[in-house]
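This report examines selected features of a protein structure, with attention to packing and to charged pairs.

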Amino acid sequence: MNSSSPFAHLSWSADGQPFSEQFDDVYFSSVSALEEARHVFLQHNNLPERWATLADGDHFCIGETGFGTGRSFLAAWQLWDQCAPKSAFLHFVSSEQYPLSTADLRRAHTLWPELQPWSEALISHYSDLAPGWQHFVLAQGRVTLTLLIGDMLETLPQLDGQVDAWFLDGFAPGKNPDMWQPALYQHMARLSRPGTTVATFTSVGEVRRGLIAAGFDTQKVPGHGYKRHMLAGVLQQQPALPWAAPWYLRPTGRPAPRTAIVIGAGLAGCCTAFALARRGWQVTVLERHKAAAQEASGNPQGILYCKLSPHHTPLSRFVQSSYAYSLRLLQEVLPQGEDQWQACGVLQLAANAKEAARLARLGLDGYPRQFLHSLDAREASTMAGVTIDHPGLFFPEGGWVNPPALCEKLLQHPAITLKTHSAALHLQTHAEQWQALDGEDRILAEAQIAVICSAADSQRFAQTAHLPLKAIRGQITHLPATERSAQLRTVLCAEGYISPARQGVHHLGASFRFDRTDFHPSTEENQSNLALLDNLSPTLADALQRDHLDPATLEARAALRCTTPDYLPVIGPVVNAASFQRAYAALGKDASKQPSTSSPWLPGLFINAAHGSRGLISCPLSGELIAAQVTGEPLPLPIDLAHSVHPSRFLLRQLVRGQGAR
């Protein structure tokens, strides 16, 4: 990324047609553009016939090489609604180097009034997109859109999924020769299966020869309108694929019925259950307490805090993609209001000179202004409603959420059953079903798959005891709002955070302790939380009468978060640890070996845990990741990030470092 605009540079003709300044080309024909998309991409991929024969629960994936205005996506979605079974699911994956701004996308869509219902649904989720992977769940889960924002020759190699039909689109080969390369067609073939179709508006011989060389049997067929020819084809045989680490390859799916157990009703469990339920799974959520969100997910105000790195580390990239999806989910399922959540913005301030330099670099990194932008101290003060002494970064779409309200809303899906006072302590398999048992070996639930979402307590299960999970105590302090402190309009973050008042109370925190694992609030942590106000806003500290507050009498809430040694969560399928050590023992002597032995999965068992203090941001997308792994959909994260959060990464590191199992 750089300081140039991340958006498409457009000019508009007198009749409202968009023109790309970057590529000196039109996005589509000014005559019958929508009919052309239907002719080229829908008809010549045989979509009406193929979709009419889909079975209950089937997933169909379209891959596209240029999202542009979203014309072809909207046309496909409209056709999907017309002829696909209501119980089938469409996943549309598209790469785009220069996404349209929200304003330009809305303007382009006025050209196709008949697509207005689908356009409005997309735009309600769309915002000016930051680089990276952007995930949209539409039509109550029936349609999923994953946009890969960046150079497609960099993004497609990172896609994990299988495509059923390709929309080979983009600016004309003569205008954008860097795209129309053999490498693109080879990536398409890698992501396809025998029988996958492809269609494109061009009939250029070099394109046809490139597709044929990649394995697509491609023919010239009649084009649309004044275009005499176009290309259409089908993959006859998948090319030989390079070696891939078997410990990261996906387990094979399990047969119907589509039933699942989710253990834990915090944010991770509720988001996982919701993602599966939207895909037609019947989900039982087991919670040991009397209600959902009773532990770390039970704080009255959680912060949508997007701490990024200018070096774009795996953690930073994961947080960035997760943050964008969390905002979409909130806007979809939870109405904004005084008690549930507010997109009041988050102001990230520097606690020291090093942090100030980091924030300054991020502010120059080419992000859309709607995603983040820099503010000087005066601007920050105006935005926050209280005096701020330092410059910072402002996230306009961020804010605070009441996590219990979100969990409750997610659990209201009709395919989810919540069982409280149900402490699952053991897992076992019987007749290809997972059974969750309590301390007296009574079966609490059984299903085809099980997902452990129990934070640090995930280690209590024999199957996941090897994972290096660590509990971290965090305490927040409740501060009664005053007339002056109530003027705070945004969340303030530095080493800690403080929220705008909710129900007359600010929430300040949070402590970060490994030495205590109890839930009793402490005076010491209240005192350390109050000290955080100095880096946030001394003026706000004065407004709260900080010097007159008694840490011993302030109300507070303590809970245990969970983290891992690399501070990334664990999201994915679970292996038999002992069998893993035996299968790949050779890596302990030579880490460069490329074994082909299949990973010893525990079929149907997954984990989603260790989100630390970022659960509000990371849990919604983690639920989507689990659901995609279960159903065989394209992953909502690039391959390298999916590997970065994979549960098997720790066993692999132990082997390579010559360490035994934990």
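The model is predicted. Its largest nonpolar core comprises 77 residues, and Trp 51, Phe 73 and Leu 168 have the most contacts inside it. Helix 3, spanning residues 71-83, supplies the largest share of this core, with 7 residues. Apart from this core lies another, of 76 residues, which includes Ala 265, Leu 329, Ile 617 and Leu 637.

Beyond the residues up to four places away in sequence, Trp 51 touches Phe 60, Ile 62, Ala 76, Leu 79, Trp 80, Cys 83, Ala 84, Pro 85 and Leu 90.

Ser 95 belongs to strand 5, which covers residues 89-96. Ser 95 counts as buried because its relative accessibility is 2%, and the cut-off for burial is under 20%.

A polar atom of the Ser 95 side chain lies 3.5 Å from the backbone oxygen of Leu 148. Neighbours within four places in sequence aside, Ser 95 is in contact with Glu 64, Thr 65, Gly 66 and Phe 67, and also with Leu 148, Gly 150, Asp 151, Met 152 and Thr 155.

## Salt bridges between separate parts of the chain

The whole structure contains 30 salt bridges. One of them joins Asp 169 to Arg 71, with the closest N and O atoms 3.8 Å apart. Asp 169 lies in the loop between strand 8 (163-168) and helix 7 (182-190), whereas Arg 71 lies in helix 3, so the pair ties together parts that are 98 residues apart in sequence. Both Asp 169 and Arg 71 are buried.

Asp 566 and Arg 649 form a further salt bridge through their side chains, at 2.8 Å from N to O. This pair links distant parts of the chain, 83 residues apart: Asp 566 is in the loop between strand 29 (556-563) and strand 30 (570-575), and Arg 649 is in helix 20 (residues 649-656). With a relative accessibility of 1%, Arg 649 counts as buried.

## A network of charged residues

Salt bridges also link Arg 473, Arg 513, Asp 515, Arg 516, Asp 518, Glu 524 and Glu 525 in a network. Within this group, the side chains of Arg 516 and Glu 525 meet at 3.9 Å, N to O.

Are these two partners buried or partly exposed? Arg 516 is partly exposed, with a relative accessible area of 22%, whereas Glu 525 is buried, with a relative accessible area of 1%.

How values were computed. Residues numbered from 1 in each chain as written. Predicted model: local features only at pLDDT ≥ 70, side-chain atom pairs only at ≥ 80, totals over all residues. Heavy atoms only, no water. Core = buried A, V, L, I, M, F, W, Y, C linked by side-chain atoms within 4.5 Å. Buried < 20%, exposed > 50% of the residue type's maximum accessible area, 1.4 Å probe, protein only. Helix = DSSP H or I, 4+ residues; strand = E, 2+ residues; numbered from the N terminus. Contact = heavy atoms within 4.5 Å. Polar contact = N/O pair within 3.5 Å; in protein donor to acceptor, adjacent residues only side chain to side chain. Salt bridge = Lys/Arg side-chain N within 4 Å of Asp/Glu carboxyl O.
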